[in-house]
Amino acid sequence: MLLWMGILGMAVPNFDVLIVGAGPAGSSAAKAAALKGVEVALVEEHPRVGEPEHCAGLIHERDLKNLGGYPERLVEARVREVKLVVGSRAELWLKQDFTVLDRRGFDEFLALEAVKAGAKLYTGWRAEGMEANGGGLREPVKVKVKDVSGGGGDSYVASKMVVGADGFKCGVGRWFGIKPEMELATCIQSWVKPNPLSSSRVMEVYLGREYAPGGYAWIVPSSNDTAKIGLGVRGVREPAIAYWRRLLERWKGLEVERVIGHCVPLSGPLERTYGDGFLLAGDAAGQVVPSSGAGIATSITCGGIAGEVAAEYVMGNLDEEEGLSRYERLWRARLGGKFQACLEIRRLLESVEPGEVEAIRDAFGHIGTLDFSPTKLLGPAVKLLVKRRSLIRLLPLLFKARRHGFF
Ligand SMILES: Cc1cc2nc3c(=O)[nH]c(=O)nc-3n(C[C@H](O)[C@H](O)[C@H](O)COP(=O)(O)OP(=O)(O)OC[C@H]3O[C@@H](n4cnc5c(N)ncnc54)[C@H](O)[C@@H]3O)c2cc1C
């Protein structure tokens, strides 16, 4: 990959758009801005893009198609059915089409696309803070960057526009005075072998306090012989790793190759994702599907919009009145409805009492694999209501899931 590691250490280079973080949001923003012909710097603190990997790599086929091409070598598995284990006994099967990506390779691929479009990628540099500019429109800000690849030197980069794509900690947003009030799930994920799933076309999801309070646990195939086992929890007394250890006891004789810990925002997007001279994209903006914690596709979409709007801003092409709020208007038009619906789905799911789980399983379990088609939903839904009137509150969940998906 073409790198520009050394250059930041020299004078104060000037850019039109500085993007902090080379995850899916940052690389997509960098590509979109560079394609508009402006000077783009993409700064990543880790020495290698995609590392450390902190993701299961699941993406819905529908989303992957919308995102355009990707190399087949990045596909680890294709999942066609999800086994949902609720509490200690209830099981449901959902028909869903997911691709499991090699997330490390996928992030590298996206960064390379940005470089091919003309962005300059600096790895091993951490953006640490900002000096206010003179207050003039499109006047560059000076951002302090530190060489964290071993050199240890400090330097400055000047840029007319900053895109914060630096993940859930939202460091760039904080420099600009944003107080990111996000509800975070703490996640632990391990890579294991052999693969305990019956097939590489199946994944399993575990819901319930005994597995992952405030979240869920998953086992996703990464090949015929390997799998990723992880969970996300919220509002717990024990550390997340304790839940992961108990989860792993379900399968005997697994070899754990590596384990990571990371957080994911689950409360939906921030109220405001732009301000004078900056935009926020991806996890940094809370642009994650609240019912699943999925953020690959949404980060790419929002990052792409951020890159385009940032470039239009520095070129002076934005409508004076609308300004950078254009970014927020565009991403909300694409994804605002989905984020809101999936937040409601999550809250409805959290309202299910242990005693109600069996009634749901009895109503839906016998139909085999649930595909959310109205003809399959109607019969079980009526049965459910006859058994437990209180569950009428869950009906919107089915229809929202059908319209927006829940991942
Ligand atoms: C365990 C786990 C499993 C997940 N599984 C899935 C899944 O299966 N499917 C899915 O869709 N989503 C999943 N997610 C969510 C998904 O990983 C994120 O939503 C997605 O990575 C967000 O992309 P991003 O570019 O916004 O942020 P990130 O991918 O977090 O990228 C941010 C980048 O910024 C860099 N950075 C941070 N601060 C600085 C700085 N100061 N200077 C320079 N660089 C900086 C970081 O090193 C990082 O590379 C999962 C999350 C977790 C924690």
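For this tour, Ala, Val, Leu, Ile, Met, Phe, Trp, Tyr, Cys and Pro count as nonpolar, Asp, Glu, Lys and Arg as charged, and the others, Gly among them, as polar. With that in hand, select the shell around the ligand: its residues divide into 16 nonpolar, 11 polar and six charged. This is a predicted model, where local features need pLDDT of at least 70, side-chain atom pairs count only at pLDDT 80 or more, and totals for chains, interfaces and linings use all residues. Residues are numbered from 1 along each chain as its sequence is written, and side-chain values use heavy atoms, with hydrogens and water left out.

Next, zoom in on the ligand. Pick glutamate 44: one of its polar side-chain atoms lies 2.6 Å from a ligand oxygen atom. Now try proline 24, where a backbone N or O atom sits 3.2 Å from an oxygen atom of the ligand. Over at glycine 293, a backbone N or O atom is 3.5 Å from a ligand nitrogen atom. The protein covers 92% of the 1000 Å² of accessible area (Shrake-Rupley method, 1.4 Å probe) that the ligand has on its own.

Proline 24 also belongs to your next stop, helix α1 (a DSSP run of H or I, at least four residues).

Finally, step just past α1 to glycine 37, which takes a positive phi of about 95°.

Notes: Buried < 20%, exposed > 50% of the residue type's maximum accessible area, 1.4 Å probe, protein only. Helix = DSSP H or I, 4+ residues; strand = E, 2+ residues; numbered from the N terminus. Polar contact = N/O pair within 3.5 Å; in protein donor to acceptor, adjacent residues only side chain to side chain.
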